[in-house]
Amino acid sequence: MARMKFLCDADRCIDCNACVTACKNENEVPWGINRRRVVTINDGKPGERSVSMACMHCTDPPCAAVCPVTCIYPTEDGIVLHSKDLCIGCGYCFYACPFGAPQYPKVGNFGSRGKMDKCTYCAGGGGPEAPGSAEEFEKYGSDRFGQGKLPLCAEMCSTKSLLAGDGDIIAQIYKERVLKRGYGSGAWGWMTAYREDVEV
């Protein structure tokens, strides 16, 4: 079975934030939360790069390992989902995630912490709601994956810097890019998230 993965090619990212906007609009993400954000590394210095960052849906997710109520779990497709019904808002997942993916919603200047929120790979949610239902959309956002579609953030990337899909296909596409460039990898986060012996 295919394992779904993200890959951001930092050599192609132009910091347009189309992925961020697409995610916010498609999932109607609450105010104060960015499931995806673009981060600039070495800003203003030689070698400056921009990276589109969100939950990488890790092979062995550290957020799931530290969750005391096991509300975060990987699916058979490798997508890391969470159940807001089980979440107690302790924040352990936020501290364990190397990508800063799980976040608290900000309902006001001094609002309560509430339930954690994170990228769902546009695959709906991990709760008891029926897939594709209005209840699921309200809690977790769009279920594009259930319709056979990729996450909208990757589809909206004009330079195809952000890739999403089957990990083997993504690795092959990226390998061809690197061979054509003739120099090393510009991938960010791959070995941290997936720790697999896939040559990219």
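1. Where does glutamate 28 lie? Glutamate 28 sits in the loop between helix 1 (18–27) and strand 2 (37–41). Helices here are DSSP runs of H or I with at least four residues, strands are runs of E with at least two, and both are numbered from the N terminus. Phi of glutamate 28 is near 45°, a positive value in a residue other than glycine. Glutamate 28 is exposed, at a relative accessible area of 58%. Exposed means over 50%, buried under 20%, and partly exposed in between (1.4 Å probe, protein chains only).

2. A note on the source. This is a predicted model, in which local features need pLDDT of at least 70, side-chain atom pairs count only at pLDDT 80 or more, and totals for chains, interfaces and linings use all residues. Residues are numbered from 1 along each chain as its sequence is written, and side-chain values use heavy atoms, with hydrogens and water left out.

3. Overall make-up. The chain has seven helices and seven strands. Their order along the sequence is β-α-β-β-α-β-β-α-α-α-β-α-β-α. Of the 200 residues, 46% count as buried.

4. Threonine 70 also deserves a look. Its phi is positive, about 45°, although threonine 70 is not a glycine. Most residues other than glycine have a negative phi. Threonine 70 lies in the loop between helix 2 (62–66) and strand 4 (72–74). Threonine 70 is exposed, with a relative accessible area of 58%.

5. Serine 133 is in the loop between helix 3 (92–96) and helix 4 (134–140). At 14% relative accessibility, serine 133 counts as buried. Its side chain reaches the backbone nitrogen of glutamate 136 at 3.2 Å. A polar contact is a pair of N or O atoms within 3.5 Å; within protein, one must be able to donate a hydrogen and the other to accept it, and residues adjacent in sequence count only if both atoms are side-chain atoms.

6. Gly167, Ile170, Ala171, Tyr174, Arg177 and Val178 are buried. These residues lie on the same side of helix 6, because they cover an arc of only 125° around the axis. The arc is that of the directions from the helix axis to the C-beta atoms. On the other side, Asp168, Ile169, Leu179 and Lys180 are exposed.

7. The ends of helix 6. Aspartate 166 caps the N-terminal end, with a side-chain oxygen 3.1 Å from the backbone nitrogen of aspartate 168. Just after helix 6, glycine 182 takes a positive phi of about 85°.
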